[in-house]
Amino acid sequence: MKTSFLAGLPLALTLALAACDGHSPFESAPHEHAGEHGGHGDHDEPRKGEHGGRLLEEGALTVELAIAEKGTPPKYQAWLYRDSQLLPPSAGSVEVRLKRLGDRAENHRLEAQADGSLMASSVVGEPHSFDVEVLASIEGQALRWTYPSYEGRTEIERAVAEEAGIRVAPAGPGEIADAHEVQGLLTPVDGKVAKVSARFPGPIRRLAADVGDRVRAGQTLASVESNLSLTEYAVSAPISGVVLARNASLGALAGEGAPLFEIADLSSLWVDLHLFGADAQHIRPGLPVEVTRLSDGATARSVLERVLPGTATVSQSTVARASLANADGFWRPGSAVKARIVVARQPAGLVVPLAALQSFRDWEVVFVRVGDTYEVRPVELGRRDAERVEVLSGIEPGDQIVVEQSYLVKADIEKSGASHDH
């Protein structure tokens, strides 16, 4: 691959400049593959026969080779000619040997058909991207052709890929989580909230705390002049925490037992999550939970402590409760949150991150890397969760899969216009 000045620029500018000049920021140099006996380089248009197949010619002899796809899974099909005249399939034999990316080899032997062609019984799997070797015999004369036939493939130098943030990881076994997404609120912990009242009625002579202040247990919050003794007494904080409310003003009359302050210890909070329908039947204490604040996406992990026995009156939901450490005050009561509760984890033989998935033509695909070459792999998918998906077929354990910035690889392949040439 040729590296241009674009490789040294920030990615966003690189893509913008590439769009302006009509070139891919990862554009590869042409592949040079000399064909033997009529093979074609990567950028030569092969001659086509009357059945739409590639013509492989040697003197007066010709093999027309195609991949049949109408009414059948993709299979190699061939027709034999001498001096442009169609010969019966019994006049020769054809074998197609393929070498896929990563030196994976497969052979397709074609057999005579009643329609005058030869066809393989084996299926050509997607993608149809490989180096092709055709071995034929026509009326006793041995023939051989080689040519590249690539699709869904591009080359990106390692340094350019790293600068663009393209990262790969080996496909392998993993787990698929059975997870439930629910919503809820952060609330102060019962027993850690105190309402502070005046012991005796009288005017408020001094205030020493306001909403939002952190106070210590025993700290004076206000002074009230008792109407009974005409002496001032201190109103103190019964617990350490944060002042949530102040219902007092200087000179106002404090009634006996009237709450002047509300204080809460917010070093930990409750996460009250609302469960509806079948969720309430599956979720139980002890399950791990990941909490996400809706306002900014901040996350924390906890464990469900209990599922409350009653039903919330307004929402008619069951409440599941977890505790959230909050010594730094990062979390605030009243904040709306969503939570992911993992009920179970099931092993899977082969998984990839969801970020690895892309759509390509009418396939769901991942991209594999071999050296500096990237190629599409259509995949059959199974179970999935919020982070990963099970792959049933299409890749092998250990394949190097693009797991970050896979859309850049897709864009480069589409930019190169890698054809579906049969």
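Which strand holds the place of Thr62? Thr62 sits in strand E2, where strands (E, at least two residues) and helices (H or I, at least four) are DSSP runs numbered from the N terminus. Before we go on, keep in mind that this is a predicted model, in which local features need pLDDT of at least 70, side-chain atom pairs count only at pLDDT 80 or more, and totals for chains, interfaces and linings use all residues. Residues are numbered from 1 along each chain as its sequence is written, and side-chain values use heavy atoms, with hydrogens and water left out.

Back to Thr62. With a relative accessible area of 10%, Thr62 is buried; that word means under 20% relative accessible area, while exposed means over 50% and partly exposed is in between, using a 1.4 Å probe and protein chains only. Setting aside neighbours within four places in sequence, Thr62 is in contact (heavy atoms within 4.5 Å) with Leu55, Leu56, Glu57, Trp79, Leu80, Tyr81 and Ile138.

Now look at Val63. Again leaving aside neighbours within four places in sequence, Val63 is in contact with Arg54, Leu55, Leu56, Ala78, Trp79, Leu80, Val94, Ala136, Ile138 and Trp145.

Val63 also turns up in the largest nonpolar core: of its 25 residues, Val63, Leu65, Tyr76, Val94 and Leu110 touch the most other members. A nonpolar core here is a set of buried Ala, Val, Leu, Ile, Met, Phe, Trp, Tyr and Cys residues joined through side-chain atoms within 4.5 Å. Strands E2 (61-68), E3 (75-82), E5 (92-100), E7 (118-120), E8 (130-138) and E9 (141-149) each give two or more residues to this core, and E8 supplies the largest share, five residues. Apart from this core lies another, of 24 residues, including Leu186, Ala300, Ala320 and Val343.

Next, a sheet. Four strands make an open sheet in the order E13-E20-E18-E15, with antiparallel pairing; two strands count as paired if DSSP finds at least two bridges between them. At the edges are strand E13 (193-197) and strand E15 (214-215), each pairing on one side only. E13 runs antiparallel to strand E20 (residues 259-264), and five bridges join them. Along that pair, Ser197 stands opposite Pro259 in E20.

Finally, the whole protein. Its secondary structure comes to four helices and 31 strands, and buried residues make up 44% of the 422 residues. Of the contacts with a separation of 6 or more, 65% are between residues 24 or more positions apart. The protein exposes about 20,800 Å², with carbon and sulfur atoms supplying 50% of it; accessible areas come from the Shrake-Rupley method with a 1.4 Å probe, and for residues only the protein chains shown count as cover.
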